[in-house]
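Here is a short report on a few contacts and positions in one protein model. Please look at the sequence and the structure first.

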Amino acid sequence: MVAIRHVTGYAATGAAVLALALAGCGGGGGGSSGTSTPQKSGSAQSGGSTQNGTTGSATTTLTTAKVAKLGTVVTDGKGYVLYRFDADSVNPTKVSCYDTCAALWPAATTTAKSAVTTKGIDKSLVSTVKRNDGTTQITLAGWPLYRYAKDDEPKEPYGQGVDGTWWAVTPGGAKITTPVATSSTPAPATTSPGAGGY
């Protein structure tokens with residue numbers, strides 16, 4: 001009888017420790033901020049893949065790059081293509097991509113407008129907007145800028161034209177509507193009606 005009580009006590013203690021350990025390992029990406037992004041296997045949180053970090057795409061430099069079939073596009077300082085979303089708006093600037101959307105399309109964020117430098121882009125077109133999670137998102141000509149989580153390398157425009165609502169951006173902030181169709185392009189995410197391109 002005593003032995004059974006000890007075994008039961010150990011089992012209960014072990015279950016409690018396991019529950020605490022699992023709770024400690026859980027991600028804080030729930031809630032409404034929507035800034036958690038999935039980490040691709042084999043990619044690091046720093047270096048060339050900072051765009052896949054948990055707070056969006058920390059960007060201090062906006063620059064330009066020539067991308068096959070698209071021409072000159074806006075990229076972050078590491079050469080990753082930046083996009084705008086048709087569901088967003090300007091005058092006033094409105095951000096529409098949160099939660100599940102933001103996991104696939106992390107916002108290009110910065111600490112402040114003054115922290116953003118430009119190369120090949122008119123600095124007067126660059127501003128910022130506060131997101132509902134408190135982070136500061138970079139805008140170009142009023143349009144919030146995003147990365148695409150499936151762009152693994154600089155100058156990869158896999159997000160171009162996804163769901164007919166996501167577009168690479170010109171240095172003046174206009175959307176580039178040229179389609180990009182290559183055999184290596186991942187298939188766009190399947191969406192239900194009204195899913196807003198994510």
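## Lys175 and its partner

Lys175 counts as partly exposed because its relative accessibility is 34%. Here, buried means under 20% relative accessible area, exposed means over 50%, and partly exposed lies in between (1.4 Å probe, protein chains only). Lys175 forms a salt bridge with Asp86, with the closest N and O atoms 3.2 Å apart. Lys175 lies in the segment after S10 and Asp86 in the loop between strand S4 (83-85) and helix H2 (100-104), so the pair ties together parts 89 residues apart in sequence. Asp86 has 28% relative accessibility, so Asp86 also counts as partly exposed.

A salt bridge is a side-chain nitrogen of Lys or Arg within 4 Å of a carboxyl oxygen of Asp or Glu. By this rule, the count is one salt bridge.

## Basis of the model

This is a predicted model: local features need pLDDT of at least 70, side-chain atom pairs count only at pLDDT 80 or more, and totals for chains, interfaces and linings use all residues. Residues are numbered from 1 along each chain as its sequence is written, and side-chain values use heavy atoms, with hydrogens and water left out.

## The disulfide

Cys97 and Cys101 form a disulfide (cysteine sulfur atoms within 2.5 Å), with their sulfur atoms 1.9 Å apart. The count of disulfides is one. The link of Cys97 and Cys101 is left-handed, with -105° about the S-S bond. Both Cys97 and Cys101 are buried.

## Thr165

Thr165 lies in the loop between strand S9 (143-144) and strand S10 (166-168). Helices (H or I, at least four residues) and strands (E, at least two) are DSSP runs, numbered from the N terminus. Thr165 counts as buried because its relative accessibility is 18%. The C-alpha atoms of Thr165 and Arg84 are separated by 8.3 Å, with the two residues 81 apart along the chain.
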